[in-house]
Amino acid sequence: CATNKSKTEVTVIIGPEGGWSAEEIDAAQSHNWPFASFGKEILRAETASLAALAILQARFNAQKEDVL
C-alpha cells in the first residue's frame, strides 16, 4: 500500500454574511490568498464552514485514493 508523504495545509476563512469589506479583500490579496466562492448563494457562517470542510474532505480523500 503506497502512502502520500506530502503534507498539504489549507486555511479556510469564512467571511461575514454581509460580504468582505474592501480593506479585508486588500489584506487577503496582499498575502496572495486565493478566493473561493459558493457562487451567488449566501450561506450562514455555520453552514459555510461545514460546506467548505465537506468540499475539502472530498477533494483530499479523492487524491488519497488516487495514490493508493
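1. α1 (22-30) and α2 (45-67) each contribute at least two residues to the lining of the largest pocket. The model is a predicted one, and the points below should be read with that in mind.

2. The volume of this largest pocket comes to about 980 Å³. Its lining consists of 29 residues, and those nearest the pocket centre are I13, I14, W20, A36 and S37.

3. Sorted by class, the lining of the largest pocket contains 20 nonpolar residues, along with 6 polar and 3 charged ones.

4. A charge does sit over a ring, however: R59 is placed over the face of F60, 5.6 Å from the ring centre.

5. E17 belongs to the segment that precedes α1. Its relative accessibility is 46%, so E17 is classed as partly exposed, since that class covers values between 20% and 50%.

6. Leaving aside residues up to four places away in sequence, E17 has contacts with I42, L43, R44 and A45. For one of these, A45, the C-alpha atom lies 7.0 Å from that of E17, although 28 residues separate the two along the chain.

Notes
Residues numbered from 1 in each chain as written. Predicted model: local features only at pLDDT ≥ 70, side-chain atom pairs only at ≥ 80, totals over all residues. Heavy atoms only, no water. 1 Å grid on protein atoms, 1.4 Å probe; cavity = no way out; pocket = protein on both sides within 12 Å on 5 of 7 lines; lining within 4 Å. Points joined across faces, edges and corners; volume = space filled by probe spheres on them. Helix = DSSP H or I, 4+ residues; strand = E, 2+ residues; numbered from the N terminus. Nonpolar A, V, L, I, M, F, W, Y, C, P; charged D, E, K, R; others polar. Lys NZ or Arg CZ within 6 Å of the ring centre and 35° of its normal. Buried < 20%, exposed > 50% of the residue type's maximum accessible area, 1.4 Å probe, protein only. Contact = heavy atoms within 4.5 Å.
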